[in-house]
Amino acid sequence: MKAAALLAVVPGVICLAAAAQDPHAGHQMPTPANDPHAGHAMPGPPDDGGGKLATAAALPVGAAQPPPVIKDNVADTVYGTNSMGRARDVLRKEHGGELASKVMADIIELAVASGDTGYRWDVEVSNGGDLHKFVFRTEGEGVRDGVDSAEVQALYSRAVGRYTDFQAGVRYDFEPDGRAYASVGVETLFPYWFDVEGALFLSESGDAFARFEGSYDLRFTQRLILQPRVEVTLAAQDVPESDIGSGFSSAEVGLRLRYDIRREFAPYIGVNFEKSLGRSADLVRSSGGEVDETSVAVGLRAWF
């Protein structure tokens, strides 16, 4: 009501207020410059080849064609094609194409069990690249007066995953009986750094076996490491001459505490428990052997 009364009393104020609201009222506005593109036909979106317009939203990610391969290298004109070709070969080799060799002595130890002193070894030699390599492996154990078991494996290893290698080859047991096997297996690294290996063996006599191994490094410090280790063997049939029964044949559990003086050189102490299972235990008892055995070991883990 007060606003209406004010407008009625002072009608000229409205015109003055309206004029005051426009800051450019009464100013001469400049004439816009000529558009340099006036009258030009602007290009539209590209044609996808089928009469339809290809827009950025319609193209799937990664559908764009790669740029052409550069073949006229300027360095070739300066240093020569042969010299630059050799340099590019070295570059490719040093960025994933090189060959590497490694000798890994995972177990070299002396062990005491039931008053007897024995020894054990598990050594692997590998040579190759990121995808393909040759692996030579040997392991066994014995006592002072002889060798109880000894085997060698020659394997071709192929990387089939980021942390998984497929392996195939042959195995030969020197002790307790000379026998050859065909071997196929997998070596992988599970999440949280569990190292796992599994292999199937088929002997020249048609006997089938399997072996699974697993280990984990529990780091107390950067140098002091406790490694639990498990190994399980299975057999598809009885082999009485080797005290092996069908089913789960044997199990082994060990703990090794090592100290990395260097990453390549680590002495350790450990304890190991072995037990024959099922039919194998029955065969061992019938031959007068021990079904289970506990040993204390001191050894060395080294690689180069």
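## Around Gly 140

Gly 140 touches Arg 120, Trp 121, Ser 149 and Ala 150, leaving aside residues up to four places away in sequence. This is a predicted model, so keep that in mind as you look around. The glycine belongs to strand β3, which runs over residues 132-143.

Is Gly 140 buried or exposed? Its relative accessible area is 10%, and because the cut-off for buried is under 20%, Gly 140 counts as buried. Glu 151 is worth a look here too: Gly 140 and Glu 151 are eleven residues apart in sequence, and their C-alpha atoms are 6.3 Å apart in space.

## Aromatic pairs

How many aromatic pairs turn up in a search of the whole structure? The search finds five. One of them joins Tyr 181 and Phe 201 edge-to-face, with 6.3 Å from centre to centre and 70 degrees between the planes. Tyr 181 sits in strand β6 (residues 179-190) and Phe 201 in strand β7 (residues 194-203), so this pair ties together parts that are 20 residues apart in sequence. Both Tyr 181 and Phe 201 are buried.

Phe 194 and Tyr 216 make a stacked pair, at 4.5 Å centre to centre and with 25 degrees between the planes. Here Phe 194 comes from strand β7 and Tyr 216 from strand β8 (residues 208-216), so the pair links parts that are 22 residues apart in sequence. Phe 194 is partly exposed, with a relative accessible area of 38%, and Tyr 216 is partly exposed as well, at 26%.

## A cluster, and charges over rings

Tyr 181 and Phe 201 also show up in one aromatic cluster together with Phe 209.

Elsewhere, Trp 303 has Lys 102 over its face, at 5.1 Å from the ring centre.

## The cavity

Rolling a probe the size of a water molecule over the atoms shows where empty space is left. What does that give here? The count comes to one cavity of 30 Å³ or more, and the largest cavity has a volume of about 40 Å³.

Which residues line the largest cavity? They are Asp 106, Gln 227, Arg 256, Arg 258, Tyr 268 and Arg 301. By type, the lining divides into one nonpolar, one polar and four charged residues.

Technical notes: Residues numbered from 1 in each chain as written. Predicted model: local features only at pLDDT ≥ 70, side-chain atom pairs only at ≥ 80, totals over all residues. Heavy atoms only, no water. Phe/Tyr/Trp six-rings, centres within 6.5 Å; stacked < 30°, edge-to-face > 60°. Helix = DSSP H or I, 4+ residues; strand = E, 2+ residues; numbered from the N terminus. Buried < 20%, exposed > 50% of the residue type's maximum accessible area, 1.4 Å probe, protein only. Lys NZ or Arg CZ within 6 Å of the ring centre and 35° of its normal. Contact = heavy atoms within 4.5 Å. 1 Å grid on protein atoms, 1.4 Å probe; cavity = no way out; pocket = protein on both sides within 12 Å on 5 of 7 lines; lining within 4 Å. Points joined across faces, edges and corners; volume = space filled by probe spheres on them. Nonpolar A, V, L, I, M, F, W, Y, C, P; charged D, E, K, R; others polar.
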